[in-house]
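Notebook open, model loaded. I wanted to look at one helix and at the ligand site.

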Amino acid sequence: MGNIGVWKFIGRRLLLGLATLLVVSIVVFAATQLLPSDPARAILGRDATEQSVNALREELGLDRPAVEQYWDWLTRLVSGDPGESFNARLPIMDYIGDRVLNSLFLLVLASVISIPLSLLIGAYSARKRDTAFDHVSSNVMLALASLPEFVIGMFLVVLFSTIVWQVLPAVTVIASGEGPWNHLDQMILPTAVLVLGAVPYIARTARASIIEVNESDYVEMARLKGAPEEVVLWRHAVPNALGPVFQVIALNVAYFAGGVIVVEFLFNYPGIGGALAASVRVRDIPVIQFLVMVLAALYVTVNLAADLATVLVTPRLRTRLK
Amino acid sequence: MTQAVRIEGLRLEAVASGHDIVDEVELTIAPGEVLGLVGESGSGKTTVGLAVLGHTRRGVRVASGRVFIGDTDMLALPERELREARGKLVSYVPQDPSTALNPAMRIGRQVVEVLEFHDFGGSDEARRARTAEVMHEVLLPSTPDFLRRYPHQLSGGQQQRVGLAMAFANRPKVIVLDEPTTGLDVSTQAHVLATVRNLTASHGVAALYVTHDLAVVANLAHRIAVMYAGRVVELGPTAGVFDDPGHPYARYLMAAAPDLGGEREMVGLPGRAPSPGKRPVGCAFALRCELATEECHVAFPPPIEMRPGRMVRCVRPGAVPDRTKAPPVVASSSTVSEKPVLSLRDVTVSYAEKQVVHDINFDLSPGECLVLVGESGSGKTTLSRSIGGLHHEWVGTISLDGKALAHSSRDRSVDERLRVQYIFQNPYSSLNPRRPIGASVARPLMIAGVDEKEADRRVGEMLERVSLTAAHARRYPDQLSGGERQRAAIARGLAADPEVLVCDEVTSALDVLVQASIVELLAALRRDLGLSMLFVTHNLPLVRSMADRIAVMMEGRICEFGPAHDIIERPQQEYTRRLIADTPKITVNGHKDHPDA
Ligand code: SF4
């Protein structure tokens, strides 16, 4: 891309993303400060003496002014050191690095399956608009979209793991240090829940977008120019249908970040969802902060990518960049 | 001469209901001939145009008939051959190039593409050369830089030229043009029309020119076919059809068409053409035709050859409905009174901090109709919105009966707000779609504090005043036709018993007959109620029959101002002269452009 405007756009959006993350970091930090109980007390338990609690507070640096704590945390985070877990007394990456990786794997797997699948369904229903297939798939999508993940999850468990058939594991048992990719059978249900949650949205947007493009004057014009159907589809329709689809994909990947927490809980999957819940329980502030920042970074990155992709396929937006 | 196009017994119907959209269409076009296919919206003219390319839109199917291009029946071609014929044998120029060009493709590619589909010249080299040539033919640059542009980087006129370039690229035998100049300003339209005329003539291309605008085809087409409710009701040489229409509907069309060249009142006809499924047995025009007899309701009249080459489908060909005998326009005698009702002094309007209208001064006398005419972007609407208090960014003085008005209508007194009424191009701007018409019309009365019973009575009165009935008060805006909605919006304006009516392009979304009837209505209101009117439009011909004085706006200034007759007959400014010259006229001396005249 030799277009300076596009680079400037990327630069601007990156700055904006960083600013967003900065704001998130302040909010997260402030929120963890407001947690009702004292982390030192939470770690040592109810019976610890005032003295030992104070000693621990000092050791953890909790006695310093909040601004100083924040600054210290932020500078270290930026330099790549998220700090130590209060609870495990281990560097955070050693403590939950695996779990971040596990969740990421789940998320990527769900995206890689759901995106092409929903585009196919969307495109096919658009093509078969108002046929039985279209009606059935629309209704199924609508039903799926209105069900919360845990309901879908339970249903799948009942169907495949417990009462009806017992073909898939109902919980994941992945020891730390073992990649989830070594247990693909255990990945099926968690992934399926996420996929079923996302497909309706992407597919519906894809369908609407393709229908709109298909009814557009320029697609009719292409046919009247004598364009073969493949050319109509790939040259005239698809590039113009991509913009809205990118946006909804980004939304859904961001949604996965939240969905992952529910799904992990449901299947006892060793990911960040479990880690986050556990950390909140024991007031493991550094871990909470780190995980929230990871989620925020994911969110920002995905949206940035979608905006960039949209701009690249939309000349009207692209050429406006100076 | 063998015909380039031969349409035989064409019937197209709605897939779902089987209702006829178009029926019994028989047309021919000779090589090099331009046939104007004229009709209002919903008449089926575009459907016929597309059928020439063997194309039907979603929900429409060919029921019977044949469309020959030379010896090829476009409706019988298998998929593959149909594709080969489209864009090569017969091509299409769309109505709105801004939506018909692919926004994500460079225009050069879009032209080259149509050559590639049909393997023009056999090599990329030849296709590049042909692209440059055809760009030249439609008077566009063919520099690499220009070809690399995207559609949105072109002006409307340039976009339509790209449309023409795509259509002419493969040197087709036939070209279908679907209102290709809608939305272009008159000078651009004039250029595009000249290009079409030259290319069809010099390459011997047969053209089907689909339009609702009689003035455009009057100067372009050799023959005219008039469509009503899916049927061709009249067909003949342009001069003949214009001078002496044989079908009553065609007569109404001519009488309703605004014409810069003719000195006559516009005559309108309320109502609308019946849509597919609601068409009566017999002549579909019978519902509105004042000449209708028993016979007309029995069957659709067979074609009658009124004169050689003149086909009319009416049981009384050549009969003249009384209403269409339009009186000539009486030269306006309005004198400028000393006491203007509305006056503007040094009014300068900005839009987003940019000055768009500069130093406007004029007075509107009681009972006068002042027309503000200008092309898009001239600032006419911004100015009129400022007068209506809908746009606030202005300086200077706008006064009503000598009293300066506040910038925003919110800061004006109730009385002031009621006395100046603004009527929008889009009636939905003043009619709440979720409330019955009556409630919307009563709004100004409520503001004025009129009690409910009195308001009800007034609403009924106003609706009747605009030729609606009191029953319309209970209907919702979307249950009305476009013309009825605009009438309701006018009734709402009248309910306040205003002194000044500001009409912003109020007819531009309407069909010719309905437009004329709205113009008639406004004229009657002026006459009967003594209303002063500021009529804003881009449509110069429309002005002729109603304006006392004209203010021509260009780039935010009034460049010429004076009595309507003087300005149209003896324009002083170069800009006005060009505007008038570029505007197509129906009444041209003897139609001398036409071979058959
Ligand atoms: S056939 Fe009858 S109703 Fe139809 S236009 Fe002629 S006179 Fe009027």
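These are my notes, starting with the ground rules.

This is a predicted model, where local features need pLDDT of at least 70 and side-chain atom pairs count only at pLDDT 80 or more, while totals for chains, interfaces and linings use all residues. Residues are numbered from 1 along each chain as its sequence is written, chains are lettered from A and ligands numbered from 1 in the order written, and side-chain values use heavy atoms, without hydrogens and water.

**Chain A overall.** I counted 13 helices and 0 strands in chain A (DSSP runs numbered from the N terminus: H or I of at least four residues for helices, E of at least two for strands). Of its 322 residues, 43% are buried, meaning under 20% relative accessible area; exposed means over 50% and partly exposed is in between (1.4 Å probe, protein chains only).

**Helix α3(A).** I checked residues 50-60 of chain A and found Val53(A), Leu56(A) and Leu60(A) buried. Down the axis of α3(A), the buried residues fall within an arc of 65°, so they line one face (the arc is that of the directions from the helix axis to the C-beta atoms). On the face turned away from that side I noted exposed Glu50(A), Gln51(A), Glu58(A) and Glu59(A). The cover over the buried residues includes α2 (39-44) of chain A. Just after the helix, Gly61(A) has a positive phi of about 80°.

**Ligand.** Which residues surround the ligand? Among them are His247(B), Cys283(B), Phe285(B) and Cys314(B), each with a heavy atom within 4 Å of it.

Technical notes: Contact = heavy atoms within 4.5 Å.
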